Amino acid sequence: MAIIEIPRRETAALPATPRRAMARIFSPSNSTSTISSFSNHFSSNTISEPMMDENIEKAEAMITKWDVKGSTFAKFTSLFQENRKEAKDFVNCIKDLRRAMHFLVSERASAGKLVRAQNLMQMSMQRLEKEFYQILSANREYLDPESVSSRSSTISRSLSATSDDENDYSSDHEIQRVGDKISEVERLSVLAMSDLRLIADCMISTGYGKECLTIYKIIRRSIVDEGLYRLGIERYSSSQINKMNPTALEHQIKTWLNGIKIAVKTLLHGERFLCDHVFSSSEAIRESCFADIAKEGATNLFRFPELVAKSKRWPEKVFLLMDLYEAISDLWPETESIFSFESISSVKSQACSSLHKLSDSVRTLLTDFESSIQKNSSKVPVPGGAIHPLTISVLNYVSSLANYSGVLSDIIAGSASPTQLPLPESYFESPTVNEMPTSAVSVRLAWIILVLLCKLDSKANLYNDIALSYLFLANNLQFVGKKVSTTSLKCLLGDDWTVKLDRKVKLYAANYELMAWNKVFSCLPEKSQEDMSPDTVKTYFRQFKAAFDEACRKQMSWVVPDGKFRDDIKLSIKSKLVPVYREFYSTHIDVLKGDRTLKLVRFSPDNLGNYLSGILQGTAVLESSSSSLSTSRASRWLP
């Protein structure tokens with residue numbers, strides 16, 4: 001950082017009218033009431049002019065010793081670092097000089113004395129300016145926002161204890177006595193902050209507050225700007241954000257998310273704490289100073305989420321937007337506290353604006369996602385009745401949304417009810433809107449799943465085989481139920497919802513069994529009769545063999561991806577088919593013994609289950625489905 005050139009003032013001469021030269025001392029910051037009080041004080045007490053002359057002479061000895069344009073020692077030595085006791089005496093001399101100048105004005109003393117006093121005052125202010133700058137520069141390590149913020153409680157107690165008496169100046173010994181223990185960093189921070197406040201109070205009270213503020217603002221603003229830059233907080237325009245591809249924008253968002261907490265809780269909080277302490281004598285000055293230091297950087301910090309919210313949309317962006325929303329919401333108490341001044345309320349307004357825009361964008365993305373489900377126009381049925389890619393993408397998306405239930409609750413509160421969205425009036429017996437959970441988040445997520453179920457119902461109509469269409473629905477709803485049960489969705493949707501969905505899965509599985517195996521069952525008599533003719537018996541065996549072969553061959557290419565669900569279906573088929581076949585087989589197999597047509601009896605009751613084991617495996621289909629699943633997860637959420 002470039003060294004600040006301390007302004008040099010000519011002190012050899014004053015304007016023709018001494019009292020006009022005193023305008024700085026009796027500036028608005030030092031009101032006429034203050035001047036009057038000093039005049040009354042000195043006129044009401046027996047303080048003689050020789051006493052004032054003595055005070056001026058003492059002040060002159062101390063001030064000229066530390067004249068920045070005087071000796072080499074004074075030029076290159078820090079008063080506050082060299083001798084803290086003398087630094088205290090130096091400040092007290094300035095206070096005495098100021099009182100003397102008030103007395104001279106009240107007594108209408110000669111211009112020469114006023115000129116002498118004013119020259120000394122300017123000389124002392126140049127020294128304090130230099131000391132102020134040196135303390136700020138040399139103690140950056142101990143005045144950095146992280147040190148100040150993380151130790152603000154300890155430092156506050158130390159500063160409070162050492163400031164009980166406004167005339168008592170903190171020394172190393174006094175600060176070390178504060179509290180049972182205080183670290184070296186805290187000790188140095190307290191010393192530096194005490195020095196800065198002492199100088200600031202003195203300069204402001206003598207009308208030199210502007211010079212003090214200028215130095216402070218330049219140095220501290222550079223620290224804030226540098227801190228934000230190191231956190232990766234950059235300044236972007238709307239066009240720059242829009243030109244970023246999703247990957248680049250996601251990187252910038254994550255950088256912002258990693259930096260926002262430190263920026264608010266450490267950088268800005270520490271800066272506000274320091275500013276409040278150094279300029280504790282004037283709320284107006286504190287406000288003006290902190291606004292100049294932090295307003296621009298903080299506004300830019302909170303503007304970024306709004307720019308992101310307004311940029312182009314893609315489905316996965318909703319999660320990044322909710323991350324941004326959550327980050328701002330979590331830091332809102334600190335944001336309100338840090339930016340409580342009216343002059344910087346625009347920072348809070350920007351944070352609120354970003355929250356509003358993020359909410360709007362999240363709601364829009366959810367509506368877009370629902371619409372994309374309804375508009376899915378794929379006309380090619382999924383081979384083997386497997387799980388549709390649409391089902392996979394939607395459930396991955398919704399289960400991820402469930403992890404943001406707290407944020408979503410704030411965002412969608414008061415938004416349009418799902419019942420106002422365009423869908424068929426009813427949807428078979430799956431969980432309906434009236435049966436959905438009552439929380440806003442649960443209702444919205446259950447509604448998105450309902451939109452999916454309606455779309456799957458239409459997808460099932462693409463199959464020419466009714467049994468396969470039922471198997472498709474059973475597979476997809478079973479996948480939905482399993483996903484719900486193994487994610488945060490279970491808590492949001494509740495047991496009643498999952499029970500109703502499971503009931504629907506079983507109904508579809510039963511319909512599949514009925515449609516796929518009804519022909520096989522019809523090849524056997526409803527009730528086996530012992531007096532059945534051999535030809536009739538042969539016909540039944542022949543028909544059963546053909547129907548069973550056809551059913552198994554067809555269902556070799558069908559698939560039930562979930563192993564347990566597949567075994568349950570096979571067991572259900574076996575439990576119904578084997579007993580009926582065993583009864584017929586046991587009753588009539590003797591009729592075919594010795595007959596060359598015995599080869600028609602390919603299946604015995606005991607090995608019937610072995611033949612069933614090969615159905616619903618759909619190896620090729622499973623491989624294709626697995627590939628689709630990987631592609632869906634790796635590339636995009638959009639159905």
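Modeller: Let us start with contacts, which count when heavy atoms lie within 4.5 Å. Residues 24 or more positions apart account for 82% of the contacts in the protein with a separation of 6 or more. This is a predicted model, in which local features need pLDDT of at least 70 and side-chain atom pairs count only at pLDDT 80 or more, while totals for chains, interfaces and linings use all residues. Residues are numbered from 1 along each chain as its sequence is written, and side-chain values use heavy atoms, with hydrogens and water left out.

Biologist: How many helices and strands does the protein have?

Modeller: The protein has 28 helices and zero strands. Of its 639 residues, 51% count as buried, meaning under 20% relative accessible area, with exposed over 50% and partly exposed in between, for a 1.4 Å probe and protein chains only.

Biologist: How does one describe the packing of two helices?

Modeller: Two packed helices are described by the angle between their axes and the distance between the axes. Axes are lines fitted to C-alpha atoms, for helices over the stretch in contact, and angles between N-to-C directions run from 0 to 180 degrees. Take helix 19 (residues 345-374) and helix 22 (residues 440-460): their axes come within 8 Å and cross at roughly 20°. Helix 19 and helix 22 are therefore roughly parallel, since angles under 35 degrees count as roughly parallel, over 145 as roughly antiparallel, 65 to 115 as roughly perpendicular and the rest as oblique.

Biologist: Is the crossing of helix 19 and helix 22 left-handed or right-handed, and which residues meet?

Modeller: The crossing is left-handed; that is, the near helix is turned anticlockwise from the far one by less than a right angle, clockwise being right-handed. From helix 19 come Arg-363, Leu-366, Thr-367, Phe-369, Glu-370, Ile-373 and Gln-374, and they meet Arg-444, Trp-447, Ile-448, Val-451, Leu-452 and Lys-455 of helix 22. By class, the residues of this contact are seven nonpolar, two polar and four charged. Ala, Val, Leu, Ile, Met, Phe, Trp, Tyr, Cys and Pro count as nonpolar, Asp, Glu, Lys and Arg as charged, and the others, Gly among them, as polar.

Biologist: At roughly what angle do the axes of helix 7 and helix 13 cross?

Modeller: Helix 7 (residues 111-138) and helix 13 (residues 209-230) have axes that come within 10 Å and cross at roughly 20°. They are therefore roughly parallel, and their crossing is right-handed. Glu-129, Phe-132, Tyr-133, Leu-136 and Ser-137 of helix 7 meet Glu-211, Cys-212, Ile-215, Tyr-216, Ile-219 and Arg-220 of helix 13. This contact has seven nonpolar, one polar and three charged residues.

Biologist: Are helix 16 and helix 17 roughly parallel or antiparallel to each other?

Modeller: The axes of helix 16 (residues 283-310) and helix 17 (residues 317-330) come within 11 Å and cross at roughly 155°. The pair is therefore roughly antiparallel, with a left-handed crossing. Phe-302, Pro-305, Val-308 and Ala-309 of helix 16 make the contact with Lys-317, Leu-321, Leu-324 and Ile-328 of helix 17. Its residues divide into seven nonpolar, no polar and one charged.

Biologist: Which residues of helix 26 are buried?

Modeller: An α-helix has 3.6 residues a turn, so residues three or four places apart point the same way. In helix 26, the buried residues include Phe-565, Ile-569, Ile-573, Leu-577, Tyr-581, Phe-584 and His-588. Among the elements covering the buried residues of helix 26 are helix 23 (466-485), helix 24 (489-522) and helix 25 (534-555).

Biologist: Is Glu-513 buried or exposed, and what does Glu-513 touch?

Modeller: Glu-513, in helix 24, is buried, with a relative accessible area of 11%. Not counting residues up to four places away in sequence, Glu-513 touches Asn-518, Ile-569, Ser-572, Ile-573 and Lys-576. Glu-513 and Ile-569 are 56 residues apart in sequence and 8.1 Å apart in space, C-alpha to C-alpha.

How values were computed
Helices (H or I, at least four residues) and strands (E, at least two) are DSSP runs, numbered from the N terminus.
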